[in-house]
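Have the structure open and follow along.

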Amino acid sequence: METRPGETRVASTPEVVKKLVSQGFTVIVESGAGLRAGYPDADYAAAGASLSDRASAYAVDLLLKIRRPDESEVAAMQAGGLYIGLLESCGEDVIVAAMLAKKMRVLGLERMPRSSRAQSMDVLSSQSNLAGYRAVLEAAARYGRFFPMMMTSAGSAKPARVVVLGAGVAGLQAIATARRLGADVYAYDVRPETREQILSLGAKPIDLDLGESGAGAGGYARELSDDAKARQQAALADELAKAHVIITTALIPCRPAPVLVTEEVVKRLRPGSVIVDLAAASGGNCPLTVADDIVERHGVTLVGLTNFPALIPADASAFYARNLLNLIEIMIERSDAGPQLKDLSADDITAAMLVPAAA
Ligand code: NAD
C-alpha cells in the first residue's frame, strides 16, 4: 500500500491482477491497498489475488509500487527481489543504495525511454496527462468567473484568458481541457516543435525569439543559458500579465524548474486570477508557489498541489496498472513452470530503466 501522505493511487487494479493471474503469476495484494482508489479487497480476491498483511505483500519476487519507498518499506522487501516503481530522485540515493545492498534489481519508471515502443508503458505520460486535466479543473473551480463566454438574460461574460506554459504531455492536456471549457487559450514552450501541436488543439502559440533553442536530448527540454532565461522572463511578462488563469508545467529532468512567472508578473495580474503550478515539486515555475499548499499572493491564488493524479485515483491507478502490465509483458517469457524473467539488460527499455549497481 502506498504510504505517502495524500497518496490515494494503487499500483495494480483488479482488471490487471486478473490478467497477471491468467499469465501464471501468483498475485498478493496488501489488504486495503486499493480502497482509496475505489478498488475494494473483494474485487482483488475475485480477480484471483490473495489478500495479505503488509509484511507478506512486500516480501515478494516482483514488487509493484507507485511512490518512492521509505526505509521501512525497503526493510520489508525481499532480498534479491525486483522493484518496479518511481524513484523520484536524481543522482545519489540512499534508498536505492539500500535496495541494491539487498541484491535487489531496481527498475526506475522515470528512466523509461521516450520511444514509440515504450509509449504504452510510460507512467510519466499517463499520469501527466491526468495532471494536466485536473489542474485546469482546479483552476476553474478557484476562478471567480466563467471559463466560457456566457450570454444570458442577466448579462454576458467574456471568456477567461488562459495561458499554458510548457506544452509537453501535461500542458497539451491542459490546453485541450481549457478549450473544452470554452476558454481563450494561449500556450508557450521552449521546444519549437510544440507550436504545431498547440495550434492543432485550437490554442494560440506565444512566439518568443530567445536566440537559442530549448530542445534537449530524448524529446525533453534543456536548461537555457542565464541570458536566455532573463530574455524569456522579460518577453513572457506582457503576455502573462493579460492572463486570468496560468497553468505552468515547464520541467527539465533532474534540474530545478525554470522560473517563468515572476513576482512582478503576479503583481500585474487582475485580482482573482489563478496560477496552477504543476512544477511545484521541482521548485515551481513561479517563485511564490508553495509546494503542497494553496496560497494567495497579491490577490492571486497560487495552487502548488504536487499530486494531481491522486485527485483522480481510480483512473490514475487504472492507467498506471495497465502501463505496468505492458511493461511486465516484455519482461517475461512463459514456461510450464510459470512466467520467467528475461535478461533485463537485453531489452533497450528495461536496460535503460535498470539502476546500475554502482548508483
Ligand atoms: P516534461 O514534463 O519534462 O516538461 C514539460 C514541458 O516543459 C516540456 O514540453 C518542456 O519542453 C517544457 N519546458 C521546459 N523548460 C521550459 C521553459 N524554460 N519554458 C517553456 N517550456 C519549458 O516533458 P514531458 O511532458 O514529459 O514531454 C517531453 C517530450 O517527450 C514531449 O515531446 C513528449 O511528446 C515526449 N514524450 C514522448 C513519449 C514517447 O514517445 N514514449 C512519452 C512521453 C512524452
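Q: How many nonpolar, polar and charged residues does the shell around the ligand have?
A: A first word of care: this is a predicted model. In it, the shell around the ligand has 17 nonpolar, eleven polar and four charged residues. Among the 32 residues around the ligand, G166, G168, G219, A221 and A250 come nearest.

Q: Which helices each supply at least two residues of that shell?
A: They are α6, residues 123-142, and α7, residues 169-180.

Q: Which residues is A11 in contact with, leaving aside its neighbours within four places in sequence?
A: They are L64, K65, I66, G85, Y320, A321 and L324. Another pairing is worth a look: A11 and N323 are 312 residues apart in sequence, yet their C-alpha atoms are 9.7 Å apart in space.

Q: Why is K103 called exposed?
A: K103 has 11 other C-beta atoms within 10 Å. The label needs 12 or fewer, so K103 is exposed. K103 sits in the loop between α5 and β5, and has a positive phi of about 60 degrees although it is not a glycine.

Q: What makes C254 buried or exposed?
A: Here the count is 12 other C-beta atoms within 10 Å. Since 12 or fewer is the rule, C254 is exposed. C254 belongs to the loop between β11 and α10. Its phi is positive too, at about 60 degrees, although C254 is not a glycine.

Q: How do you describe two packed helices?
A: You give the angle between their axes and the distance between the axes. For α1 (residues 14-22) and α11 (residues 313-331), the axes come within 9 Å and cross at roughly 20 degrees.

Q: Why is α1 called roughly parallel to α11?
A: Angles under 35 degrees count as roughly parallel. The axes cross at roughly 20 degrees, so α1 is roughly parallel to α11. The crossing is left-handed.

Q: Which residues make the contact between α1 and α11?
A: From α1 come E15, V16 and K19, and from α11 come A318, A321, R322 and L325. By class, this contact has four nonpolar, no polar and three charged residues.

Notes: Residues are numbered from 1 along each chain as its sequence is written. This is a predicted model: local features need pLDDT of at least 70, side-chain atom pairs count only at pLDDT 80 or more; totals for chains, interfaces and linings use all residues. A residue is near a molecule or strand if its C-beta atom, placed from the backbone, lies within 6 Å of it. Helices (H or I, at least four residues) and strands (E, at least two) are DSSP runs, numbered from the N terminus. Ala, Val, Leu, Ile, Met, Phe, Trp, Tyr, Cys and Pro count as nonpolar, Asp, Glu, Lys and Arg as charged, and the others, Gly among them, as polar. Axes are lines fitted to C-alpha atoms, for helices over the stretch in contact, and angles run from 0 to 180 degrees between N-to-C directions. Angles under 35 degrees count as roughly parallel, over 145 as roughly antiparallel, 65 to 115 as roughly perpendicular and the rest as oblique. A crossing is left-handed if the near helix is turned anticlockwise from the far one by less than a right angle, and right-handed if clockwise. Two residues are in contact if their C-beta atoms, placed from the backbone, lie within 7 Å. A residue is buried if 20 or more other C-beta atoms lie within 10 Å of its own, exposed if 12 or fewer, and partly exposed in between; C-beta atoms are placed from the backbone.
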